[in-house]
Every structure is written in C-alpha cells, then in structure tokens.
Amino acid sequence: MTEHYYGILFAISASILWSITVTLIKPISNNVSPFLINPIKNTIGLLLFFISFIIFDISLWYDGLAKEQYMIVLFSGALGMFLGDTIFIYALNKIGANRVAIVDAFSPIIIFSYSFLLLPNQALNEMQIIGFIITILGLLILTYENDYKDINYKVKRFGILLVLSAMMCTGFGIVYLKKVLNVINETGYDIQLNLWITAFRLIPGVILSWLLFVFQKNKIQLIKPIKNKTNFIPLLIASIIGPFLALGFWILGYAFIAKPSVASIISQTSVIFIVLLSWFFLKEKITFLRILSMICVFLGVILTALNN
C-alpha cells in the first residue's frame, strides 16, 4: 500500500512538471518546427539520464529482461517519445495549450480501453459506460465551442484529432510497457531500475526523431529559429523539466500504481495546471464552455477509471 501512495506522489509531480513543460513549449512551437523541438528535447533528456546514472553509480545496462521485453520498451518509446510527442507538439501550435489540455484529459479513457484489451483483471461496468458518454460529451462541448473569432473551426477540429491521435500512440505505449513494469517490480520496487527503463525508452525517441528531421527538405531553414536565445533557452529548460524530470516521475507513477487507469486519472490533474498557467503566462482565454467541458471530462474519467 505504501508503494501505491508513492505512485500517487510521483504521478502528481509528473503532472505539475509536465504542465510547466507544455507552457514553455507552446510559444516556442510558434517559431520552431515540432520536427526539431522533439529530437532536441529527447536528446537533452537522454543525456541528463546518462549523466545522472554516472553520478549516482547506476548501471548503464540492465541484462535481466528477455529479448521480447527489451523490444516492448523500445516499441513503447517509439510510439510515445517519437510519434506521440511529435504529433502533440504540432497540435499544441495549432489549437493552444488549454484546448490541448482539455482534450488530453480524455487520455484515461484511452488508457483504460487499452488496459482492458492488453492486461488481465479488467472489467467494464455500467458506471464506466456512463463515464465514457460524459467524457465524449465534454469533448463535443469543446469541439463545438463558438470561438470562431479566436480560431478557425477546421483548424481546431484538426488539432483536436491530432491530440487524440497522440494520446492513442502514447497510451498504447505506456499500457504495453506496463507488462514489463509488472515483471520487474513483481518482487519489489526498484526506483533505479524503473529509471533505467525510462532512459532506455528514450533511445528510439531520439533516433527516430532525428531521422525524421534529417529527411525534412527545408531542415536548414528549420534550424535558424533555434539559434535565437528566446527560443533555445526556454526549450532547454523545458527539456530538463519534461523528458528528464516529468518523464521519470510519470513512469514511476505507472510502475508503483497497480492499475494504469488510476495512474492516468491522477496524471490528468495537469489539465488544471495547464489551463491556469496558459491563462496567466500565455494569455489564453478561459471560457465558461471550456470550464464546463473540463468538468465533464473529469467527471467522465473519474467514473471510468475509479470504478474498476
């Protein structure tokens, strides 16, 4: 039970740190391509893990997994740190931080659905079905919000679909990774080993993100904005907070909390922080319909995630 409370603390910490990361990246995404933001942040995150492992004498290689388990970790990283994050950053530029945050609150529904399909001892009851319906209602309220003066409807709808796509990639990756986390934590929780999994998961995110950037026709032009200190310094700070600190806490949260859906619902407290931070620092609006949408989504994911 103690591990469960540690997991809650890790998940909330990840939520706060991720909110700060999103708030920092949003203005950068107006000037720097997501095809460059993602490889830079992943590379800095992996480098910081490498340095930390040397400083704290953590082994750089763990040989206790089966080949299939190593592949699961790498596949999870490719889906989350490469595909999911690239799409997410692109969507962030299109529809803004607080809209992204509200749509991202749908994540526990996706996590639960994947858990139901991939993990044992998952059930679907009437309250969870109601939760699905309420959550979808919340997303529809946001989708059809009358904010045409602020954003083009087609752009907003496209952005919402992008966020949902990013969540589907990241969600599948983390639930699939849970199979490995369950095995390595079966006899006891080892924070160092879970952090090693986190760092190892970043490797495909780094490699594939840079490959995608290299194949961009205008890559020389894409590099120019990052030379500006107003873009690079916030990205550097976001890379330290996000793929290093927040990601580490996020994986630990999923490792220490038995049910991925519960870890996911706790992580969605980031919605509150992102909406408030984007309102205060980025001057994004908080409308009545966005608040209503957020309430519906939260109520829906609570009914879905906690009625297991």
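The model is a predicted one.

**Salt bridge**

The count comes to 1 salt bridge. Lys-41 pairs with Asp-85, and their closest N and O atoms lie 2.7 Å apart. That is a salt bridge because the cut-off is 4 Å between a Lys or Arg side-chain nitrogen and an Asp or Glu carboxyl oxygen. The pair links distant parts of the chain, 44 residues apart. Lys-41 sits in helix H2 (residues 34-55), and Asp-85 in helix H3 (residues 67-95). Lys-41 has a relative accessible area of 4%, so it is buried. Asp-85 is at 12% relative accessibility, so it also counts as buried, the limit being under 20%. Side chains of opposite charge can pair when their charged atoms come close.

**Nonpolar core**

The largest nonpolar core holds 83 residues. Those with the most contacts inside this core are Ile-174, Leu-177, Val-180, Leu-181, Ile-197 and Val-271. Helix H7 (residues 153-184) gives the most to the core, with 12 residues. Val-271 touches Ala-101, Ile-102, Ala-105, Met-294 and Phe-298, leaving out residues up to four places away in sequence.

**Cavities and pocket**

There are 3 cavities of 30 Å³ or more.

| Space | Volume | Lining by class |
|---|---|---|
| Largest cavity | about 490 Å³ | 13 nonpolar, 11 polar, 3 charged residues |
| Second largest cavity | about 50 Å³ | 6 nonpolar, 1 polar, 2 charged residues |
| Largest pocket | about 210 Å³ | 11 nonpolar, 2 polar, no charged residues |

The largest cavity is lined by 27 residues. Nearest its centre lie Trp-18, Asp-85, Asp-104, Thr-170 and Trp-250. Six helices each supply at least two residues of this lining: H1 (2-29), H3, H5 (107-118), H7, H10 (229-256) and H11 (260-267). H10 gives the most, with 6 residues.

The second largest cavity is lined by Trp-18, Thr-21, Val-22, Ile-25, Lys-41, Asp-85, Phe-88, Ile-89 and Leu-92. H1 and H3 each supply at least two residues of the lining of the second largest cavity.

The largest pocket contains about 210 Å³ of space. Its lining has 13 residues, and those closest to its centre are Phe-49, Leu-195, Phe-244, Leu-245 and Gly-248. H2, helix H8 (191-214) and H10 each give two or more residues to this lining. The largest share, 5 residues, comes from H10. H10 also gives the most to the lining of the largest cavity.

**Trp-210**

Trp-210 belongs to helix H8. Its relative accessible area is 30%, so Trp-210 is partly exposed. Trp-210 touches Leu-36, Pro-39, Ile-40 and Thr-43, again without residues up to four places away in sequence. Trp-196 lies 14 residues from Trp-210 along the chain, and their C-alpha atoms are separated by 22 Å.

How values were computed:
Residues are numbered from 1 along each chain as its sequence is written. This is a predicted model: local features need pLDDT of at least 70, side-chain atom pairs count only at pLDDT 80 or more; totals for chains, interfaces and linings use all residues. Side-chain values use heavy atoms; hydrogens and water are left out. Helices (H or I, at least four residues) and strands (E, at least two) are DSSP runs, numbered from the N terminus. Buried means under 20% relative accessible area, exposed over 50%, partly exposed in between (1.4 Å probe, protein chains only). A nonpolar core is a set of buried Ala, Val, Leu, Ile, Met, Phe, Trp, Tyr and Cys residues joined through side-chain atoms within 4.5 Å. Contact means heavy atoms within 4.5 Å. On a 1 Å grid over the protein atoms alone, a cavity is a set of points where a 1.4 Å probe fits but cannot get out, and a pocket is an open set with protein on both sides within 12 Å along at least five of seven lines; lining residues have an atom within 4 Å of a point. Grid points are joined across faces, edges and corners, and a volume is the space filled by probe spheres set on the points. Ala, Val, Leu, Ile, Met, Phe, Trp, Tyr, Cys and Pro count as nonpolar, Asp, Glu, Lys and Arg as charged, and the others, Gly among them, as polar.
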